[in-house]
Amino acid sequence: MVTAALVEIPRRQFLAAGGLTFAAACIAPKRLFVQADDLPEHAFKVATAAKITVQTLRRNISVLLGPGGNMAVLTGPDGKLLVDAEIVSARPNVSAALASISADPVKQLINTHWHFDHTGGNEWLHEAGATILAHENTRKHLSVDTRVEGWKHTFPAAPAGALPSTVFKEDHTLHVNGATLALKYYLPAHTDSDISVHFVEADVFHTGDTFWNRNYPFIDYSTGGNIDGTIRAAEANLATVTDKMIVIPGHGAVGGKADLKLFRDVMVDHREKVAALKKQGRSLAEVIAARPGARTDEEWGNGFMTPALFLQWVYQGV
């Protein structure tokens, strides 16, 4: 059931949008902190050369695991439906990976939220024939210059072809290639534009960036994200996911309910410890030095977020 009306955006409204460049970090630097000017070049270079791995899941669903956000692929007579679009400079490797799955043309694209590593391929996939569907806040952020203080970067407004042509407010249901897709909006969590995509018959669940499997998440306070919302989204995912469900995270390996529970527990543990230290008057530097995440830092701090960077987002929100 669709519980919120869809909004079709006339093509003429797209023409007012400006160009889009994607610049931010997708892989954690070796240093504890990096200069903002280092991030764009690093992200593009990594995505250009990084391998894309294709993993077959259930029925006609696969996942592409690469340098940016994980992409789900549903194949069939209606053409390929994709969930998320990677970093723009990953295009050649994404194209090759899609071709290796099937010859079906790309017809539909769903963005789980607005960030560059999930929407970077929007324009070229639209040119290849895909219509784009997302939450209304994804289109809002892509339509204007949007500042992300956590990356010290302002993203220019997206070009016409990169903008979602159809948006929704709360929930939406699609029927494609013999599959039912249930799309659900979270309250502000990682951003204020996050949605999940449940492939109902196959019992495959794409969480977008509300779940990072054994990686500390980035939390974008500039566009509505916060640590409490991240925990609420984790609780919502746990309430939805069954023991047999396959879970595609925004980043990290494909997992299941036990991985979601671990993510929720790590988020809660960090929040409680950091809040207690901050209440004692500890500075951010002192909190980082106290290493409240020592139990998981070695494993979880080797991806996008170093332990120190993640603690900054938690500290900001408590």
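## A buried histidine

The side chain of His206 reaches the backbone oxygen of Asn70 at 2.9 Å, a polar contact in the sense of a pair of N or O atoms within 3.5 Å, where within protein one atom must be able to donate a hydrogen and the other to accept it, and where residues adjacent in sequence count only if both atoms are side-chain atoms. The model is predicted, so local features need pLDDT of at least 70 and side-chain atom pairs count only at pLDDT 80 or more, while totals for chains, interfaces and linings use all residues. Residues are numbered from 1 along each chain as its sequence is written, and side-chain values use heavy atoms, with hydrogens and water left out.

His206 is found in strand E14 (residues 204–206); strands (E, at least two residues) and helices (H or I, at least four) are DSSP runs numbered from the N terminus. With a relative accessible area of 0%, His206 is buried, where buried means under 20%, exposed over 50% and partly exposed in between (1.4 Å probe, protein chains only). Leaving aside residues up to four places away in sequence, His206 touches residues including Asn70, Asp84, Thr112 and Pro249, contact meaning heavy atoms within 4.5 Å.

## Nonpolar cores

A nonpolar core is a set of buried Ala, Val, Leu, Ile, Met, Phe, Trp, Tyr and Cys residues joined through side-chain atoms within 4.5 Å. The largest such core has 60 residues, of which Leu98 and Leu125 touch the most other members. Among the elements that give two or more residues to this core are helix H3 (91–101), strand E6 (106–110) and helix H5 (122–127).

Beyond residues up to four places away in sequence, Leu125 touches Leu82, Ala85, Leu98, Val106, Leu109 and Ala130. A second, separate core of 24 residues includes Val63, Phe168, Ala179 and Tyr185.

## Salt bridges

A search of the whole structure finds 12 salt bridges, each defined as a side-chain nitrogen of Lys or Arg within 4 Å of a carboxyl oxygen of Asp or Glu. One of them joins Glu299 and Arg214 at 3.4 Å, N to O; because Glu299 lies in helix H10 (residues 294–300) and Arg214 in the loop between E14 and H7, the pair ties together parts that are 85 residues apart in sequence. Glu299 is partly exposed at 49%, and Arg214 is partly exposed at 31%.

Asp297 and Arg291 also meet in a salt bridge (3.8 Å, N to O), in which Asp297 counts as buried at 11% relative accessibility, whereas Arg291 is partly exposed at 48%. Elsewhere, Glu235, Lys261, Arg264 and Asp265 are linked in a network of salt bridges.
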